[in-house]
Amino acid sequence: MSHRLGFETQDEEHTGESLPVSGSLPDWLVGRLIRNGPGQFEAGETELRHWFDPLAMLRAFRIDGRTDSVTYTNRFVRSEDFEYARQEGGVRRMLPGTPPDRPVWTRLRHSLSGAFQDNPSIGVANFGNTVTAITESPVGVRVAADGLETTGRRDLTTGLDADFTLGHPHYDPDREVFVNLAVSYGRGATYTLFERDPQTTAVEPICELPFDDAPYAHSFALTDEFAVLAAIPYGLDTTQLLTGALSGGTFVDAVTSFEDGIGGETETRDARFVVVDRETGEVRREVPADPFFVYHHANAYRDGDDLLVDMVAYDDERAMTRLTVSNLASDDPDVPAGDFVRYRVPLDDGRATYETLYEGQVEFPTFDYPTRLGESYRYCYLAANADGSSLPTRLVKYDLREGSTTTWTPEGEGYPGEPLFEAAPGADGEDTGVIVTTVLDADAERTDLVVLDARDMTERARAMGVHRLPYGFHGQFYRDGNRVRSMA
Ligand SMILES: [Fe+2]
């Protein structure tokens, strides 16, 4: 397996390179795919340890289906972390899994003042008509949509009593508002649910959710009525985080399971689905469930007196602690297995239960987000790993009604990224449209843009890339003249 190629630095930057296109793009597919992810796995001599640490690189594909043309631009985000790494040759502030290359007093000052990294490698959002690279950080870095040049910074916590905001804001296309969670750490943690005006970027807090512990949350579920936070029993030992700041420990080192003592034995606490009424800000119910870990939710919707909440769920916090670069890039990686599952969350009484819909390792669940968010839906798209690979080797279309799958596997050794669905105009079916993604072709050591027909998951067009990219995380397809985004 050549999955290690997905975890190696690419420091070339290209601007407006025209890519050769084979096959035929739909003529209605006109817009920009902007993806985010790791670019550089070192800061000076320091090897960045965890998958969430490498310096962020944006990759943009300008797609014009009318002329079957694709142009490519990629650029590092000029965050303060990036500039420090380039100029000083080290780590400026604690990255999720790598301690800073700074004197102990600087580290202490950072930890006491709540100073966070600003390396935004998770995804992008369109705040105030400006593409903004984001992560779990108080800062978003603004870039030009065309050339991806860094143009400024945005404090995402303005108007919120919080340390940072999550990297997976929802965009509610009906109310035309972003909905997200902000996090404040103390001895435990407080999550603030808030809305953000997409134009002015002003925020309006909806409610505060205080926790005695500090559950980790990467994303959450949204319907018209409810926001649903999965308060998992895995998260930060905040005392360890503080002492770790002095001793060289990191955020990932401080991730733990929350346990209760029962008769001399300890047991991991229940997870809880915290169901918040978006209109009143009141907690409708906290619904217990057996322990699980989650990064990514797919869709959620109401089914009678229950909520159905679909996600990729893992057993425990090893879903994070095992994602070290050395493990992932090794010949025999020990990869945590996340399954695509459906939780049934009762709004009246009882515990949440789940069924496994598709066994993993899978990740990056997506669907027809602008049309189906918060409503019943039929198709979910996933990136699925073969055994022994730390990266996805195929894309799976899962039919929730039939329980059936349609799979696309790249020729040769290829690692496809997050599948983004884009509906055809006037679509007559939920899968009438395309999947837009990038594929790391390990044989050619090149990353291509690939467009699949979403109905049968066959390849319809490919733009041959100019170089290899490290495997990326999330992106958005922004169709021209349409701000509605393609995923959470
Ligand atoms: Fe994510």
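Mentor: Start at leucine 229. Leaving out residues up to four places away in sequence, leucine 229 touches Leu181, Tyr191, Leu209, Ala217, Phe220 and Val274. Two residues are in contact if their C-beta atoms, placed from the backbone, lie within 7 Å. This is a predicted model: local features need pLDDT of at least 70, side-chain atom pairs count only at pLDDT 80 or more, and totals for chains, interfaces and linings use all residues. Residues are numbered from 1 along each chain, as its sequence is written.

Now widen the view. The largest nonpolar core has 143 residues. Val228, Leu229, Phe273 and Leu382 have the most contacts inside this core. A nonpolar core is a set of buried Ala, Val, Leu, Ile, Met, Phe, Trp, Tyr and Cys residues, joined through C-beta atoms within 7 Å. Buried means that 20 or more other C-beta atoms lie within 10 Å of the residue's own; exposed means 12 or fewer, and partly exposed is in between, with C-beta atoms placed from the backbone. Strand E6 gives the most to this core, with 7 residues. Helices (H or I, at least four residues) and strands (E, at least two) are DSSP runs, numbered from the N terminus.

Follow Phe273 out of that list. Strand E24 covers residues 271-277 and runs antiparallel to E25, with 6 bridges joining the two. Phenylalanine 273 has valine 287 in E25 as its bridge partner. Both strands belong to an open sheet of 4 strands, in the order E18-E19-E24-E25, with antiparallel pairing. Its edge strands are E18 (221-222) and E25 (283-289), each pairing on one side only. Two strands pair if DSSP finds at least two bridges between them. In general, strands of a sheet pair through backbone hydrogen bonds, either parallel or antiparallel.

Next, go to E6. What does phenylalanine 61 touch? Its contacts are Arg32, Leu33, Val70, Tyr72, Leu449 and Ala463, not counting residues up to four places away in sequence. Phenylalanine 61 sits in strand E6. This residue is buried, because 24 other C-beta atoms lie within 10 Å. Strand E6 (residues 55-64) is joined by 8 bridges to strand E7 (residues 69-76), and the two run antiparallel. Aspartate 64 stands opposite serine 69 in E7.

E6 and E7 are part of an open sheet of 5 strands, ordered E1-E7-E6-E3-E39, with antiparallel pairing. Strands E1 (14-19) and E39 (475-479) are at the edges, and each pairs on one side only. From one strand to the next, the twist averages 20 degrees.

Phenylalanine 61 also gives a sense of distance. Isoleucine 262 is 201 residues from phenylalanine 61 in sequence, and 55 Å away in space, C-alpha to C-alpha. Look at the hairpin there. Strands E22 (residues 259-262) and E23 (residues 265-268) pair in the antiparallel sense over 4 bridges. Glutamate 259 stands opposite threonine 268 in E23. The hairpin has 2 residues between its strands, and glycine 263 in the turn has a positive phi of about 55 degrees.

Other loops are worth a look. Glutamate 176 has a positive phi of about 50 degrees although it is not a glycine. Its loop runs between strand E13 (170-172) and strand E14 (177-185). Glutamate 176 is exposed, because 12 other C-beta atoms lie within 10 Å. Glutamate 445 likewise is not a glycine, and has a positive phi of about 50 degrees. Glutamate 445 lies in the loop between E36 and strand E37 (446-453). With 13 other C-beta atoms within 10 Å, glutamate 445 is partly exposed.

Is aspartate 431 buried or exposed? Aspartate 431 is buried, with 23 other C-beta atoms within 10 Å. The residue lies in the loop between strand E35 (420-423) and strand E36 (433-441). Beyond its neighbours within four places in sequence, aspartate 431 is in contact with Tyr379, Ala454 and Arg455.

Finish with the helices. Val104, Arg107, Leu108, His110 and Ser111 in H2 meet Leu242, Ala245 and Leu246 in H3. Helix H2 (residues 104-113) and helix H3 (residues 238-247) pack at an angle of about 155 degrees, with their axes 8 Å apart. Axes are lines fitted to C-alpha atoms, for helices over the stretch in contact, and angles run from 0 to 180 degrees between N-to-C directions. H2 and H3 are therefore roughly antiparallel to each other. Angles over 145 degrees count as roughly antiparallel, under 35 as roughly parallel, 65 to 115 as roughly perpendicular and the rest as oblique.
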